[in-house]
Amino acid sequence: MYSQSVKESDLHRVELHCHFEGALRPITVFNIAKRRGHKLPVATPEEFAEFMRRKEPSLLREFLSYFPVLMSFVAGDPDGIVQLAVDFIEDCAKNKIAYIESRYVPQLFAKDSFTAEDGLQAVLRGFELGSKRFGVKVRSILIAIRAIPEFCDETLRLAKAYANHGVVGIDVAGDDKEDYDSERGGTHPDIVRLFQEAYKAGIHRTAHAGENSGAEMVTEALDSLHAERIGHGYHTLDNPTLYQRILHDRVHLETCPLSSHLTSAVLTDWPHHPIHRLAADKANYSINTDDPTFTGQWLDAEYRMCLDRIGLPPWELVRTNYCAARSSFLPEEEKADLIAQLDAYYRVRL
Ligand SMILES: [Zn+2]
């Protein structure tokens with residue numbers, strides 16, 4: 001049923017910031033929706049892929065509004081979710097990804113009596129099947145949504161309960177600009193508490209910040225959320241003191257170039273993208289896709305775009321893979337294995 005077209009020894013990339021809900025294979029979603037009798041806005045899988053793909057920059061809020069649309073077709077369908085997770089791993093293998101940390105909101109998979117925990121179990125089952133078939137190592141990060149702090153208790157419970165079953169961390173996502181409140185001081189107190197509890201429990205933490213918002217949300221993520229990595233973080237560069245801190249402390253920035261363009265997080269042309277500064281300063285950052293279903297490109301195309309349009313040299317992409325491996329949420333021993341896997345691939349080619 002599944003083809004093993006990519007050799008395991010070819011897998012040499014590390015991706016840390018990819019939303020599973022934003023990376024669902026359109027044809028599979030289309031088929032699941034048909035099977036379940038959903039009304040679809042288009043007639044063919046190809047048209048559906050085009051329907052979901054964002055072509056022009058818009059606001060982050062609008063970009064995010066397509067997540068619930070996509071999830072409405074698959075929520076509450078265990079077989080479909082398992083299949084989507086297997087497909088996801090196959091797509092990772094096609095893009096030569098050796099290790100990926102995929103993030104998602106378990107509650108978005110819930111429907112009626114099918115709970116967030118049921119959804120999480122279905123995703124983990126599909127990831128496990130996919131890993132065995134395609135040789136890609138995968139770990140999960142559970143996301144809290146800025147606008148729905150009510151999910152926090154469950155997110156913490158699931159992160160703790162599945163820590164030995166592939167869940168390695170938590171994240172917070174949503175429109176970080178809209179959330180920022182200068183009087184209250186930013187992120188909702190329940191989400192801050194979630195991160196502080198996770199910190200105490202030894203659960204890793206990353207946070208979307210400085211994407212749509214300014215540098216102040218990055219400072220908050222570091223100081224109040226105990227974030228070890230920052231999702232996007234472009235606006236860190238607006239504050240020289242904070243940027244120096246990021247460089248000095250080797251805080252990892254998970255950049256997502258095409259996504260940053262489509263969400264208008266970075267209002268500049270490619271030759272002046274913040275990634276140039278990160279590269280020049282040898283910052284600790286990685287190249288990621290964020291949401292391939294919505295951006296229309298997986299990691300292979302993202303790398304090509306970095307080379308051709310942003311103008312990064314090939315060795316910089318290699319360096320970012322090592323940055324990603326070292327800043328992954330794997331235990332030290334598994335991290336060393338991953339770095340050895342990268343060494344085995346790059347040493348014979350450089
Ligand atoms: Zn993201």
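A residue counts as buried if its relative accessible area is under 20%, as exposed if it is over 50%, and as partly exposed in between, taken with a 1.4 Å probe and protein chains only. The model is predicted, with local features needing pLDDT of at least 70, side-chain atom pairs counting only at pLDDT 80 or more, and totals for chains, interfaces and linings using all residues. Residues are numbered from 1 along each chain as its sequence is written, and side-chain values use heavy atoms, with hydrogens and water left out.

By the rule for burial, D290 counts as buried because its relative accessibility is 3%, and H19, at 6%, counts as buried too. Both residues belong to the zinc site, where H17 (NE2), H19 (NE2), H208 (NE2) and D290 (OD) coordinate the ion at 2.1 to 2.4 Å; donors here are N, O and S atoms within 2.8 Å of the metal (3.2 Å for Na, K and Ca), and since water is not among the atoms, sites may look incomplete. Along the chain, these donors follow the spacing H-x1-H-x188-H-x81-D.

Turning to the strands, which are DSSP runs of E with at least two residues, as helices are runs of H or I with at least four, numbered from the N terminus, we find β5 (residues 204-209) paired with β6 (residues 229-232) in the parallel sense over 4 bridges, where pairing requires that DSSP finds at least two bridges between two strands. Within this pair, A209 stands opposite H232 in β6. Strand β6 also pairs with β7 (residues 252-255), again in the parallel sense, over 3 bridges, and H252 in β7 is the bridge partner of R229.
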